[in-house]
Structure formats: C-alpha cells, structure tokens
Amino acid sequence: MREFELKNRRYIGSKAKLLDFIKSQILDIKFDSFADIFAGTGVVSEFIIKDTDAKTIIINDFLYSNQTIYNAFFNQSNFNKDKLAKISNYFNSIKNLEENYFSLNFGNKFFSQNDAKKIGFIRENLDNLELNDKERSIILASLIYSCDRVANTVGHFEAYRKKVQFNDCFKFELIKPISTKKNIIIYQKDSNELAKEIKADLIFIDPPYNSRQYSRFYHIYENLAQWKKPELFGIALKPKEQNMSEYCRSNAPKILDDLIQNLNTKFIALTYNNTYNSKSSSSKNKISYDQIVEILSKKGDLSIKEQTHIFFNAGKTDFGNHKEFLFLVKVKN
C-alpha cells in the first residue's frame, strides 16, 4: 500500500527542491537544538531530524492544518497502524453518499461532486471514531494529502479551474509517520510571540515573501482542520479572514526586525527570494534585500549565499533571474 511522505504535497514556497542547497550551507554548523519557526511543509525539519545530530527540534507554523500535519508525521506517540488501515479501507468502500457541508460548497468546483461528498463524509465522521490524538492527526493529515492529490487547482485554493471535465478519482490514502528518538516540540503560534519563549542553537526562518496570505491559499485545509463549517464568501468560497500574517503587509520589515532582535540563539538561517520586479503587486517582496542585510547585521556576523531557483509562477512576469538567498548569521555574544 502506498503511503504519503511528508514532501508529497503541493505547497507554495516549499523548500523541498532547495534542500540540497540548504544542507550544503548549514551542515558545517554545530548545533544540538534547532527551531523551524515558519515550518510550512516541514521538509527542512525532516532533514534536520534525519541527517544531523541535533537532539531537540522545535517545529512551528500558525496554520491549523500544518500543526495537524506536524502532529501526524513528527509526534512520537503510539498509534495502531492496523486500525488505521481498516478505517482507510472503509473510507474507500463507501458509496451513494448524501450531500453535506463540504459537497454543497466545494462540489463541482475544487472537487467532483461525488469526491466532495466523500471528503465531507470522512471529515464529519472523523470525530466519532475511537482514536487517540496521534491517530486522529494521522487520519486528518491523510485526508488533506488525499485532497491535494485530486484538487482542481494549480496547487492552492485562491481559485479553481473552470470548464474542466470532473472525474471521481478521490482515494483516501494514509500518510507515513516519521519515527525518531529525538525530542520533537510542536507549536502553532505567531512566530514573533514564539521567539520570546524558545531557545535553540540554530533557528531557521522562512517567512512569507509577499502579500499572498497562506491562510487564504489553503483555506479549505484550514476549514477541514477546524471543522467549524463557517459561512463562505466569494468565488473561491473563503471564510472570514483568520491568521493573517504581518509578513505579508507593508510593515513586514519592522516585524522582521522585532523577530530577529528577540531570538535567543547562536546561529540564524533566513531564506528569501528576489521577486522584487514582479508585474503583480501581490507577488512583490515585502522586505528589500538591503533591509534584510541591515536587520541581520545588527544581530551578528552575516554571510549570504544564493541559489538559482525555478519556482511556481502562475503570472505573466518572466523570472529568468530568480534566486533564493540564504542569509546566515553567527550571533554576537
């Protein structure tokens, strides 16, 4: 039976294709503890767990759906794999379902009508199953990964593709949890608030780069994770705004400066790109290269690495010179 690995997910800004670059720059740094405070997909934390000697790994993101995914993959609590396999088989056997909240809103838009009925049925019945917290997280994360595999999108839920021929192709498949003896600590907090509470030898920072809010990109996963069945608005069927990042707004430089000055760490690794000349105002970086250099230089000795990178772009701008920067700081004592 195939199982989803952590990286098997479409996510804007994922560092999966940049891992070799990041590894090559930070593996020479000696650290016992690591914090990934804008963890996103979690693939950088997975690399730290598997390929370094770090004993404690802190993973944080303020999206509810990402916290669920981290608990499913990284939390080391016990779970019954056979029980989850039986539940998976049951979910894939059900047919002739009635309409529900999910299908009435998202059917024949982001998913086929029958696929949306099944997704809504699974989510509605998930909380009635006898599951511990780890097992519940695995089932919910598996539902999110299974949705991603068939969603009628380009990789996020800002819009759905119109004039498509829908096929019923949803299949519920389980994720493959990561086993480790390391100390894993998971948070769902605003990173600037978390920075005042934690200490780690190396802190990795991958903030949003532009005005596009992740809580809006992935509103359907946030909806599934919380399951409060909110009223939805607009063509993309989004709920009222929630978890909006200040890093996507004009005061992002001030917010980054506050974050950096509050970090209790020996080393900082920060990633950012150079989409400063995008034709879309929504895609332009919120923090300039010079502002990042100024902010980080106040904290310690700064070095800068860069990597050519082809990233997701649904707009008209030609990013032929697109680069990803990795800013490394050895913090002053």
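Me: Is glutamine 213 buried or exposed?

Reply: Burial is judged by relative accessible area: under 20% is buried, over 50% is exposed, and values in between are partly exposed, using a 1.4 Å probe and protein chains only. Glutamine 213 has a relative accessible area of 7%, so this residue is buried. The structure is a predicted model, in which local features need pLDDT of at least 70 and side-chain atom pairs count only at pLDDT 80 or more, while totals for chains, interfaces and linings use all residues. Residues are numbered from 1 along each chain as its sequence is written, and side-chain values use heavy atoms, with hydrogens and water left out.

Me: Where is glutamine 213, and with which residues is it in contact?

Reply: Helices (H or I, at least four residues) and strands (E, at least two) are DSSP runs numbered from the N terminus. Glutamine 213 lies in the loop between β4 (200–205) and α9 (214–217). Contact means heavy atoms within 4.5 Å. Leaving aside neighbours within four places in sequence, glutamine 213 is in contact with Asn243, Met244, Ser245, Cys248 and Arg249.

Me: Which residues are in contact with lysine 55, its neighbours within four places in sequence left aside?

Reply: They are Asp32, Lys182 and Asn183. Lysine 55 belongs to the loop between α2 (43–51) and β2 (56–60), and its relative accessibility of 53% makes it exposed. Lysine 55 and isoleucine 184 are 129 residues apart in sequence, yet 8.6 Å apart in space, C-alpha to C-alpha.

Me: What should helix α6 span?

Reply: The expected span is 1.5 Å times one less than the number of residues. Helix α6 (residues 113–126) has 14 residues and should span 20 Å; its end C-alpha atoms are 20 Å apart, which agrees. Among the buried residues of α6 are Ala116, Ile119 and Ile122. The buried residues of this helix pack against α4 (81–93), α5 (101–106), α7 (133–150) and α10 (219–226).

Me: How many residues are in the largest nonpolar core?

Reply: A nonpolar core is a set of buried Ala, Val, Leu, Ile, Met, Phe, Trp, Tyr and Cys residues joined through side-chain atoms within 4.5 Å. The largest has 75 residues, and Ile26 and Phe111 have the most contacts inside it. Helix α7 gives the most to this core, with nine residues. A second, separate core of 29 residues includes Leu256 and Ile268. Not counting residues up to four places away in sequence, phenylalanine 111 touches several residues, including Ala116, Ile119 and Cys147.

Me: How many aromatic pairs does the structure hold?

Reply: Rings of Phe, Tyr and Trp (its six-membered ring) pair if their centres lie within 6.5 Å; planes under 30 degrees apart are stacked, over 60 edge-to-face, and the rest tilted. The structure holds 25 such pairs. In one of them, tyrosine 289 and phenylalanine 325 have ring centres 5.1 Å apart and planes at 65°, so the pair is edge-to-face. This pair links distant parts of the chain, 36 residues apart: tyrosine 289 is in helix α12 (residues 289–297) and phenylalanine 325 in strand β7 (residues 323–331). Tyrosine 289 is partly exposed at 29%, whereas phenylalanine 325 is buried at 8%.
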